[in-house]
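Trainee: Could you walk me through this one? I'd like to go a piece at a time.

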Amino acid sequence: MPFNYLPLTDPQRREMLGAIGAGSMEDLLITIPRELRAGKLDVPSGRSEWEVQQHLAGLAARNRPLSQQRSFLGAGVSLRYRPAAVDHVASRSEFFTAYTPYQPEISQGTLQAIFEFQTLVCELTGMDVSNASMYDGSTATGEAALMCVRATRRRKVLVSGTLHPEYAQVVRTYAWGPGIEIVTVPQRDGGIDLAALDALLTGDVAGLIVQVPSAFGGLEPVDEVATRVKAAGALLAVVADPISLGLLEAPGRYGADICVGDGQALGNAMSFGGPHVGFMACKEPLLRQLPGRICGQTADSRGNTCYTLTLQTREQHIRREKAASNICTNQALNALFATLYLGLVGKEGLREVANVSLQRAHFLAERISQVPGFAPAFGIAFFNEFVVKTERPAEEIVRALEARGIVAGFPLSRWFPDLAHHLLVSVTEANSPDDLDAYVEALRSNHLAKVAV
Amino acid sequence: METLIFDKSISGRRGVTLPAAGVPERPIESLVPAALVRKEPPGLPEQSELEVVRHYTRLSQLNHSIDTGFYPLGSCTMKYNPKVNEQAARLDGFANLHPYQSPDQSQGALQLMYELQQWLAAITGMERVSLQPAAGAHGELTGILMIKAYHESRGQNRRKVLVPDSAHGTNPATAALAGFDVVTVKSDERGLVSVENLREHLDDQVAALMLTNPNTLGLFEEEILSIQQLVHDCGGLLYYDGANLNAILGTVRPGDMGFDVVHINLHKTFSTPHGGGGPGAGPVAVGPALVPFLPVPAIEVDEQGRYFLDADRPRSIGRVKAFFGNFGMFVRAYAFILAHGAEGLVQVSRDAVLGANYLKARLQDAFDVPYGQPCMHEFVLSGSRQKARGVSTLAMAKRLIDFGIHPPTMYFPLVVPEAMMIEPTETEGKETLDRFVAAMRQIASEVESDPDLVNGAPHSAPIGRVDEVTAARRPILRWQPPR
């Protein structure tokens, strides 16, 4: 059977073998020991393009995407509006079929886009320098922990108990190899416990990782946290939601030394959890400890302004075992999605996206608290996600509302078994006022139905 | 050149309209603590949709890409990225699926991941697969941490990871990131791991040997069976860097060579687009010894054929990434494997090997070929002869740009002076290979007749030779608003 991605014809193959001076393909494989040769691979037979397309459409149809439901599910990934031009432009072959811009003379498109991405990240976070991207928010957080250790030469990192648990797990995995100690600062009323933080901030602490808004949606007391971390001579790494930074203070302005986060919300598809994009930025004194690719401005031989990868002596292909990280391939295309998104929504648009999310979330939170059987779980201020205390187990409520085409949120019991009556609810600009009404109505009738039984 | 988007910004413009809140609004100060109310908005550009589209479309035109020209960048496997894969990844049922939806609502995605794991296990000859790592280097970290967990589970704290001098930089960087001491193993005169030198480093402190096979010189490690025996005999494990897996699909499997863990670059061998530097995907496949240590969650299927996630794996190294990995890449890789099938995958590797050997044969009189044996999917030339005439590999690489061809990987591996690492991939026709041969031969003759022409290259790129030294000495890493 012919394969459409393989252009060589049999006569051409023979001609090429002739040019090589080989009698057959086998002559080219003589360096592979006979006894190692594989039998037929246990994978299906090849299919035509139409069959491939049909098969994948069939698998996709076995999923029920959020686009077909009213969704209040967030917890690190959110359904937000993706302007049409984002995917359209980022899908240009010249972007997505190029690789890392090792040859700046023929990669200025990618390089300038990275330079713009770095600028956007600095503008959002209030940091001095940004890298070209990380795999995602969780791995950027892991790298932030390692960066604190390199920069301070201390071996312990504190992690807020309100950090996204999957991020915290990644931090632990990253820290385990080099033997860095990770200590969790407990949460109290949905926020970081400041008294516990005081007790844990000893002289051997390299840094604290805190998320704003937190995994519970809470707006942490950043001033109090920053003052304490500074006093202990440690670094403050903030995990931020980039959309929220349209309204919330830039972490660089309240004392963060490192700011990381996930850029899925910036024009990237949810895509069942990836590919998204991590961002990572820091204050200037930490620049040499920043992992990953960095793009810089320079000039060409004709004096034109242009861009190139730079400061590569931090990186694995130059420094090998002495590199700041092993990262090589990152998430450049997803960073381009974010760049396009921010370019399109612009200064005013980002504020609006943040504000619509904030206002609708607070409106919904209040409405839900009026439904019997539901109450705010924590007193802490929040942005666009909040935790509802539920009379019945949250998991049951999610299951019941799924049947009505509503994804009610994230039951926190999946992260914390002792929070079985806690539901994390997320609201974005992609939840219309009509969605909010339907949600409240469903909670109300579902509750009543249960009571009647 | 294109002005930065920030310098094109006109206050008051916007590129997309957004919905109004539609609910009673409250002052931000009443909802957000004072310390967190933003005083100054981020300086995002303000532009119309057309201007944004035009800006980035024009930028795209400054790039070389697979879809615009030959891209024989060694070790990166710049093969064609099929368009049906792009279509599939954008299907509503995949693109708009949230990782925390219930398994009832995501059976299609879980099935795809489960089957992809099975296929990758079959292709690599391994027992189990985790799709979680986001890229090759991330897969390496996952694999090396599993090796660490394995030794610890046996009460051993082995300190050393052995890495050949021809290895990718990610190998030693990964071992160091995982807390190991890196020990370099020398190559011999045939470009292969020196078994003699390897023996000298083998002791009860060796946790693993990391190996790429075929190696970065494009050569198959012929003594792999004795190498694996030696390492295993001293209690160490073997790590397979799958960067060069494209050479051996259906020909030989890492599991059969004795490797204990493999990472697979879906963005190389399995055609997912490189995206200007990512996203990649770096699944790891393991042999029986390492199964208990795989990252969580695992994807399982029950007797009713229902797929589910299993996070209850007490000996797991934990999580290496939030959620399940770069799922969008899994869709594309799945489509690639399905399109080729078992027979097609074999042909992929055969054609990749044939193309590389063809180029080598047609260039061997014009350039130095450091190693004579047949190569696999890539090969390395040395520009030493041309360097002696005053023209470096860098200059020749830049000259290739004038022919519309992306330069090969240069100055790597480090064991070959003035190295040019060339990987054509199976998706290039003979006409393209012949054009490359003609360009390379012309450049070789220009080195003799007109070295200045080569040294001044590129002549036809959007910009001239870039000053990378100044970029590093005086770093300008972001746009600054005019004062």
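This is a predicted model: local features need pLDDT of at least 70, side-chain atom pairs count only at pLDDT 80 or more; totals for chains, interfaces and linings use all residues.

Trainee: OK, so is the crossing of helix 1 of chain A with helix 11 of chain B left-handed or right-handed?
Mentor: Start with the axes of helix 1 (residues 10-20) of chain A and helix 11 (residues 327-363) of chain B, which come within 8 Å and cross at roughly 40°. Angles under 35 degrees would count as roughly parallel, so these two helices are oblique to each other. As for the hand of the crossing, helix 1 of chain A passes helix 11 of chain B in a way that is left-handed.

Trainee: How do the residues of that helix contact divide into nonpolar, polar and charged?
Mentor: From helix 1 of chain A come A:Arg13, A:Met16, A:Ala19 and A:Ile20, and they meet B:Leu354, B:Asn357, B:Tyr358, B:Ala361 and B:Arg362 of helix 11 of chain B. Sorted by type, the residues of this contact are 6 nonpolar, 1 polar and 2 charged.

Trainee: Zooming out, which element gives the most to the side of chain B that touches chain A?
Mentor: The whole contact takes 170 residues from chain A and 178 from chain B. On the chain B side, those residues split into 96 nonpolar, 53 polar and 29 charged. The top contributor there, with 24 residues, is helix 11 of chain B.

Trainee: Now the sheets. Which residue stands opposite B:Val380?
Mentor: Chain B has an open sheet of 3 strands in the order 10-12-11, with antiparallel pairing. Its edge strands, each pairing on one side only, are strand 10 (379-382) and strand 11 (409-410). Strand 10 of chain B pairs with strand 12 (residues 419-422) of chain B over 4 bridges. In strand 12 of chain B, the residue opposite B:Val380 is B:Met421.

Trainee: And in chain A, what is the bridge partner of A:Phe374?
Mentor: Here you've got an open, antiparallel sheet of 4 strands, ordered 13-14-17-16. Strand 13 (374-376) of chain A is one of the edge strands, and 3 bridges join it to strand 14 (residues 385-390) of chain A. In strand 14 of chain A, the partner of A:Phe374 is A:Thr390.

Trainee: Last one: at about what angle does helix 12 of chain A run to strand 13 of chain A?
Mentor: Helix 12 (residues 332-369) of chain A lies across strand 13, strand 14 and strand 17 (422-426) of chain A. Its angle to strand 13 of chain A is about 135°.

Conventions
Residues are numbered from 1 along each chain as its sequence is written. Chains are lettered from A and ligands numbered from 1 in the order in which they are written. Axes are lines fitted to C-alpha atoms, for helices over the stretch in contact, and angles run from 0 to 180 degrees between N-to-C directions. Angles under 35 degrees count as roughly parallel, over 145 as roughly antiparallel, 65 to 115 as roughly perpendicular and the rest as oblique. A crossing is left-handed if the near helix is turned anticlockwise from the far one by less than a right angle, and right-handed if clockwise. Two residues are in contact if their C-beta atoms, placed from the backbone, lie within 7 Å. Ala, Val, Leu, Ile, Met, Phe, Trp, Tyr, Cys and Pro count as nonpolar, Asp, Glu, Lys and Arg as charged, and the others, Gly among them, as polar. Two strands pair if DSSP finds at least two bridges between them.
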